[in-house]
Amino acid sequence: MATTPTTEENLLDTPKQNEDEAMASLPQQPTGPPNMTPEEALEYENQMLKWREELLKVEQEISTLRQVLGAKVRTATELKRKLGITPFQELKSDLQTGIQQLKSSDSYQKTNEKIHQINDKITHSTVYQKTSAVVKTAGEKTSAALSTFGSSMSKKLGDLRNSQTFKSLEEKVENTYSSVKSSRSIESLKAKVSGSQSTGNIHETLTEEDGSKTEMGTLSHDPTAPLPEDKVPL
């Protein structure tokens, strides 16, 4: 049973272009310098023909390899899609691999060693030691100055609170606050008293009206009760 050739085999078995047409498509070169002998010109023409044939074969191989490579790339892309490999993951993996290769390379190791050597030289140099001591001293002086400033400010605030002027001002503020609070309490009390008096007056008025109505009702229902005297105008 015959097997079906794969895509790569089909591409490799593709019939070649007609050599005569390919030769005709190539640019024609001059036959050589005019001072050549016929034998040299013939040899030159034969050499040019061999080079053209070799160039044609190389170009055909390049074209075939490009087709095979394209098919391989499409197959790889399809397999990655089925495996769930995204372009971002592939790029991340390539970057990690590149970084690892860079770190393991001889040039990186040599450069890293040189950097460490330079760092050690700078750290142990006299200039660096002096600069570090100056910076440390400046930091200590700055911390001491800030601490002194803070203590001085705390002391000044304490003196200000204990001064007669501050105490007098504090007493005035307290007296003012007490006066305002007392006046508000008095106004609130007056409002409550006024409200109570108003409520009492309304209650007395309602009670008097109820008494009058009761007396009128009694007179109208009692026939033996004496009638009120009519006041006849004089």
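Reply: Helices and strands here are DSSP runs, helices of at least four residues and strands of at least two, numbered from the N terminus. Keep in mind that this is a predicted model. Read along the sequence, the protein chain goes α-α-α-α-α-α-α.

Me: Which element has the highest mean pLDDT?
Reply: The protein chain averages a pLDDT of 75, and 66% of the residues score at least 70. Helix H1 (residues 7-12) has the lowest mean among the elements, at 50. Over residues 1-5 the pLDDT is below 50, and beyond near neighbours in sequence that stretch has one contact in the model. At the top, with a mean of 93, is H3.

Me: How far apart are the end C-alpha atoms of helix H3?
Reply: Helix H3 covers residues 38-83, which is 46 residues. At 1.5 Å a residue it should span 68 Å. The model agrees with that, since the end C-alpha atoms of H3 are apart by 67 Å.

Me: Which residue follows H3, and what is its phi?
Reply: H3 is followed by Gly84. The phi of Gly84 is positive, near 80°.

Me: Which residues in H3 are buried?
Reply: Buried means under 20% relative accessible area. Across the protein chain, buried residues make up 6% of the 234 residues. In H3 the buried ones are Met48, Arg52, Leu56, Gln60, Thr64, Val68 and Ala71.

Me: What does Glu78 form a salt bridge with?
Reply: A search of the whole structure finds two salt bridges. In the one with Glu78, the closest N and O atoms are 2.4 Å apart. Both residues lie in helix H3, three residues apart, about one turn of the helix. The partner of Glu78 is Arg81.

Me: Is Arg81 buried or exposed?
Reply: Glu78 counts as partly exposed because its relative accessibility is 33%. Arg81 has 57%, and the cut-off for exposed is over 50%. So Arg81 counts as exposed.

Me: Which residue does Glu90 form a salt bridge with?
Reply: The closest N and O atoms of this pair are 2.3 Å apart. Glu90 lies in helix H4 (residues 87-104) and its partner in helix H3, so the pair ties together parts that are ten residues apart in sequence.

Me: Which residues make the nonpolar surface patch of about 290 Å²?
Reply: One member sits in helix H5 (residues 106-123), namely Ile118. Ile118 is partly exposed, with a relative accessible area of 48%, and patches take residues with over 30%. The patch is made by Ile118, Ile122 and Tyr128.

Me: What does Lys167 touch, not counting residues up to four places away in sequence?
Reply: Lys167 is placed in helix H7 (residues 164-221). At 39% relative accessibility, Lys167 counts as partly exposed. With those sequence neighbours left out, Lys167 touches Arg161 and Asn162.

Terms used
Residues are numbered from 1 along each chain as its sequence is written. This is a predicted model: local features need pLDDT of at least 70, side-chain atom pairs count only at pLDDT 80 or more; totals for chains, interfaces and linings use all residues. Side-chain values use heavy atoms; hydrogens and water are left out. Patches are made of residues with over 30% relative accessible area and no salt bridge: like charges are joined within 9 Å, nonpolar side chains (Val, Leu, Ile, Met, Phe, Trp, Tyr) within 5 Å. Accessible areas come from the Shrake-Rupley method with a 1.4 Å probe; for residues, only the protein chains shown count as cover. A salt bridge is a side-chain nitrogen of Lys or Arg within 4 Å of a carboxyl oxygen of Asp or Glu. Buried means under 20% relative accessible area, exposed over 50%, partly exposed in between (1.4 Å probe, protein chains only). The expected span of a helix is 1.5 Å times one less than its number of residues. pLDDT is the predictor's confidence in each residue, from 0 to 100. Contact means heavy atoms within 4.5 Å.
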